[in-house]
Amino acid sequence: MNGARVELRSICKKYDDACVLQPLDLVVEQGEFFALLGPSGSGKSTLLGTIAGFIPPSSGEVVVNGDDITGVPPHRRNLGMVFQNYSLFPYLTVYRNIAFPLEMRRVRPKEIKQAVARVLDMVQLSHMADRLPAQLSGGQQQRVALARAAVYDPPLLLMDEPLGALDKNLREDLQQEIREFHRKVGATIIYVTHDQYEAAAMADRLAILRNGRIEQCGSPHHLYNHPGNSFVAGFLGEANLFEITSKQEGIENGNADVIAETRQGVRLIAARSPQDDAAIAYIRPESIVINPSSSATLANVHDAIVDDIVNSGGSLRYRLRVTDNCVLTARKPNDRSIADLPLGEKVRCAWDSKEVVFVPR
Ligand SMILES: Nc1ncnc2c1ncn2[C@@H]1O[C@H](COP(=O)(O)OP(=O)(O)O)[C@@H](O)[C@H]1O
Ligand SMILES: [Mg+2]
């Protein structure tokens, strides 16, 4: 089976006077795993609802495989949905829950049996076919919901924060499972989440929403390395953001550079770039070197106090106070070469001029 190509043309949604979706355009390609990422209230569920058909857009068109389906009711759209709260039928067994959409479609019993067995196998729950939802864990219930959404082979699967109710470890396991599931079924998946790590880990491409607008669209790698504005830079991954108050050109170490004064009071030395007239500059936490060796030639060097250190498994996150107005976040891999730094320790923090990136506000 092939996935559907979904095209949104000038989709807009208004409730009374409130414009919840600004006119927006989006193309999700056949078979893509596409994430809608944004803070709570940014319009993700509303946008998904317009694709599913239970929220009629105020204007614009939803086009699937070239057909305008804007007026088609949800049950005729040939898509599967998975929500955060599983929405399984509590009095039906796992088997009957998954068979239900096929029974509604009057599929022959023999085919129902085959189809249910196939998806149960995909989500590794064949041995639990006779249980009731209440006899399953949250993760297992969500796998049943996934199997039910996919049992009639829809070319499009819509998922709205499907892992939102699960704890962190289980969530990571299921992220992996849903990705494998996607590869097996080949359907296009549009996946809503507010969790940047989940979106970056799962999606081929994603759109970042804010206030009903798509701020930027692209692969996680592209958005992380080429954010179009300061919101995207700060929302996908962490960023130390600086507001530029004035700028001049200068020569540092024989290179033509930009010297920028910031509202935080810290002067930034940046490499020349096409975007260097933008209003905001950012530095990624992993670009900041703590106590650089004396032979390092980093253009920006500042004294700082270690305010806090958070050990988050694979990495250490430092809060470095350069001044009371400027506290930077730095991140290092948590390997054995890292010397312990006591809180309150005076350190030097430094970064290369190329690590100062300018973006529009
Ligand atoms: N039925 C409705 N009537 C009025 N406003 C709504 C309705 N549904 C959602 N909204 C508003 O639309 C905005 C986007 O909501 P939603 O799409 O649920 O955001 P998200 O899923 O990103 O958290 C919110 O400000 C919400 O309050
Ligand atoms: Mg939502």
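Q: Which residues is Thr329 in contact with, leaving aside its neighbours within four places in sequence?
A: With those neighbours left aside, Thr329 is in contact with Glu238, Asn240, Pro285, Ile288, Arg317 and Tyr318, where contact means heavy atoms within 4.5 Å. This is a predicted model, in which local features need pLDDT of at least 70 and side-chain atom pairs count only at pLDDT 80 or more, while totals for chains, interfaces and linings use all residues. Residues are numbered from 1 along each chain as its sequence is written, chains are lettered from A and ligands numbered from 1 in the order in which they are written, and side-chain values use heavy atoms, with hydrogens and water left out.

Q: Where is Thr329 found, and is it buried or exposed?
A: Thr329 is found in strand β18, residues 326-333; helices (H or I, at least four residues) and strands (E, at least two) are DSSP runs, numbered from the N terminus. Thr329 has a relative accessible area of 13% and is therefore buried, given that buried means under 20% relative accessible area, exposed over 50% and partly exposed in between, with a 1.4 Å probe and protein chains only.

Q: OK, and what about Gln196, what is it in contact with?
A: Leaving aside its neighbours within four places in sequence, Gln196 is in contact with Leu37, Phe235, Leu236 and Gly237. Gln196 is found in helix α6, residues 196-202, and counts as buried because its relative accessibility is 16%. The C-alpha atoms of Gln196 and Ala35 are separated by 9.8 Å, although these residues are 161 residues apart along the chain.

Q: Which residue is the bridge partner of Ala35 in β9?
A: In β9, that partner is Leu206. Strand β3 (residues 33-37) and strand β9 (residues 205-210) pair in the parallel sense over 4 bridges, and two strands pair if DSSP finds at least two bridges between them. β9 also pairs with strand β10 (residues 213-218), in the antiparallel sense and over 5 bridges, with Cys217 of β10 as the bridge partner of Ala207. The hairpin of β9 and β10 has 2 residues between the strands, and Asn211 takes a positive phi near 50° there.

Q: Switching topic, in what order do the strands of the open sheet of 4 strands come?
A: The order is β2-β1-β4-β5, with antiparallel pairing, and the edge strands, β2 (18-28) and β5 (67-68), each pair on one side only. Strand β1 (residues 6-15) is joined to strand β4 (residues 59-64) by 5 bridges, and Val63 in β4 is the bridge partner of Glu7. Helix α1 (residues 44-52) packs on the sheet and touches β1, β2 and β4, its direction making about 120° with that of β1.

Q: How do α4 and α5 pack?
A: Helix α4 (residues 138-150) and helix α5 (residues 168-185) pack at an angle of about 20°, with their axes 11 Å apart, and they are therefore roughly parallel to each other. Axes are lines fitted to C-alpha atoms, for helices over the stretch in contact, and angles run from 0 to 180 degrees between N-to-C directions; those under 35 degrees count as roughly parallel, over 145 as roughly antiparallel, 65 to 115 as roughly perpendicular and the rest as oblique.

Q: And what about the whole chain, how many helices and strands are there?
A: There are 8 helices and 20 strands in the protein chain, and 48% of its 361 residues count as buried. Along its principal axes, the C-alpha trace spans about 75 × 45 × 35 Å.
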